[in-house]
Amino acid sequence: MPAVAKLKLKRSLPFAALFCVAAIAGCINNPRTDRSNTSYKDPVPPLPQAPVPDPRFTALPKTAEVLAALPSGRIDPFAPPALAIDKSKNGKAPLKPPSLQFTGVALTNRGGPQAFVAFNSESGAVSPGDQGGAAIPWLPPGWRVISINVQQGQLVLGNGPQRFPFQL
């Protein structure tokens, strides 16, 4: 055997011995680490009585109570919401502005809605926020444009607390 091989064997012998000792120690049956024969303790006995609810806490509602409290919603969720018509103090629906004609709707090139109306032989386009009077004679005096829905062909005018929808 050459001298270099003997030197390598002498240097690696302590490491090999240490490895063998560690491997044998791992195979020894240690009662603290061996779990195969461990018997589990009996389960915890049930409480002698049901716990008393704390009066400081409010009980959570049951699932059925939560579901019953939810609103049912609209039949068609994609339909536009119904327009609310305010009623006057006497309980009747507001009166239609005299001789106002709603003739059409359009979108401007800037994306704003416009409605076309005629009143007392005057006609023109109105936008949300416009109010009838000397500057806009095609709306009755005091009536204001609340909203315009181009897709539905609707115009909503208001006079004070009154709201009146027009439909094409």
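What share of the contacts in the protein with a separation of 6 or more comes from residues 24 or more positions apart? The share is 27%. The model behind this figure is predicted.

## Overall make-up

The protein contains two helices and six strands.

## The S4-S5-S6 sheet

An open sheet is built from three strands, ordered S4-S5-S6, with antiparallel pairing. Its edges are strand S4, covering 144–149, and strand S6, covering 162–167. Each of these edge strands pairs on one side only. From one strand to the next, the twist averages 20°.

In general, the strands of a sheet pair through backbone hydrogen bonds, in either a parallel or an antiparallel arrangement. Strand S5 spans residues 154–159. Six bridges join S5 and S6, and the sense of this pairing is antiparallel. One of the residue pairs involved is Leu-155 with Phe-166, the latter being the bridge partner in S6.

## Burial and surface

How much of the protein is buried? Of its 168 residues, 16% are buried, where buried means under 20% relative accessible area.

How values were computed. Residues are numbered from 1 along each chain as its sequence is written. This is a predicted model: local features need pLDDT of at least 70, side-chain atom pairs count only at pLDDT 80 or more; totals for chains, interfaces and linings use all residues. Side-chain values use heavy atoms; hydrogens and water are left out. Two strands pair if DSSP finds at least two bridges between them. Helices (H or I, at least four residues) and strands (E, at least two) are DSSP runs, numbered from the N terminus. Axes are lines fitted to C-alpha atoms, for helices over the stretch in contact, and angles run from 0 to 180 degrees between N-to-C directions. Buried means under 20% relative accessible area, exposed over 50%, partly exposed in between (1.4 Å probe, protein chains only). Contact means heavy atoms within 4.5 Å.
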